[in-house]
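I opened this model to look up its charged side chains, a few loop residues and its ring pairs. The entries below follow the order in which I looked.

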Amino acid sequence: TKLDVMRKIYKQGFMKVFSSSSQHGKGTYFAKDARYSSNYSQRDSNHSYQMFQCQAIFGESYKGSNTYELKSWPKKSNGLKYDSLVDNPSNPSIYVLHENARAYPMFV
């Protein structure tokens, strides 16, 4: 995540509009392993990489697909959208959230 976007997230929280990735569907992306996320971080003026440690509620997940748009997320049998999309339902390492309020940046 670019440093200017990190500042916006710090002040405003997560917003789907900051995300340009859609390998597993449109939304805000989170990784279980920081090593994966470091590929998307940017060096600051001290040559340090920064990223957020977050609290997130992923709820009931479904296998993601690059065809899922924000308005076409898969639905549960009760008609409600799944809470998150994942790369691998049996052992997820990447999560995608549809709702901004489900994640909160805790630490840089």
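**Charged network**

I began with the charged side chains and found that Glu60, Lys76, Asp83, Glu99 and Arg102 are linked in a network of salt bridges. For a salt bridge I required a side-chain nitrogen of Lys or Arg within 4 Å of a carboxyl oxygen of Asp or Glu, and by this rule the count comes to five. I keep in mind that this is a predicted model, in which local features need pLDDT of at least 70 and side-chain atom pairs count only at pLDDT 80 or more, while totals for chains, interfaces and linings use all residues. Residues are numbered from 1 along each chain as its sequence is written, and side-chain values use heavy atoms, with hydrogens and water left out.

**Arg102**

I located Arg102 in the loop between β5 (94-97) and β6 (103-107), where helices (H or I, at least four residues) and strands (E, at least two) are DSSP runs numbered from the N terminus. Is Arg102 buried or exposed? Arg102 counts as buried because its relative accessibility is 18%; I used under 20% relative accessible area for buried, over 50% for exposed and partly exposed in between, with a 1.4 Å probe and protein chains only. The side chains of Arg102 and Asp83 make a polar contact of 2.8 Å, a term I kept for N or O atoms within 3.5 Å, where within protein one must be able to donate a hydrogen and the other to accept it, and residues adjacent in sequence count only if both atoms are side-chain atoms. Arg102 also meets Glu99 in a salt bridge of 3.9 Å, N to O, and Glu99 is partly exposed at 43%. Leaving out residues up to four places away in sequence, I listed the contacts of Arg102 (heavy atoms within 4.5 Å), and they include Gln55, Ile57 and Leu97.

**Other salt bridges**

Lys76 forms a salt bridge with Glu60, with 3.5 Å between the closest N and O atoms. This pair links distant parts of the chain, 16 residues apart: Lys76 is in the loop between β3 (61-63) and β4 (84-86), and Glu60 in the loop between β2 (53-56) and β3. Lys76 is buried at 16%, whereas Glu60 is partly exposed at 41%. I also noted a salt bridge between Asp33 and Arg35, whose closest N and O atoms are 2.8 Å apart; here Asp33 is partly exposed at 33% and Arg35 is exposed at 66%.

**Two histidines**

His98 lies in the loop between β5 and β6 and counts as buried at 14% relative accessibility. I found a polar atom of its side chain 2.9 Å from the backbone oxygen of Leu70, and a polar contact of 3.4 Å that joins the side chains of His98 and Lys81. His47, in the loop between α2 (34-38) and β2, is exposed at 59%, and I flagged its positive phi of about 65°, as His47 is not a glycine.

**Rings**

I searched the whole structure for aromatic pairs and found four, pairing rings of Phe, Tyr and Trp (its six-membered ring) if their centres lie within 6.5 Å, with planes under 30 degrees apart stacked, over 60 edge-to-face and the rest tilted. Phe30 and Phe58 have ring centres 6.1 Å apart and planes at 65°, so the pair is edge-to-face. Phe30 lies in strand β1 (residues 28-31) and Phe58 in the loop between β2 and β3, so the pair ties together parts 28 residues apart in sequence. Phe30 is buried at 11%, and ring pairs link Phe30, Phe58 and Tyr95 into a cluster.
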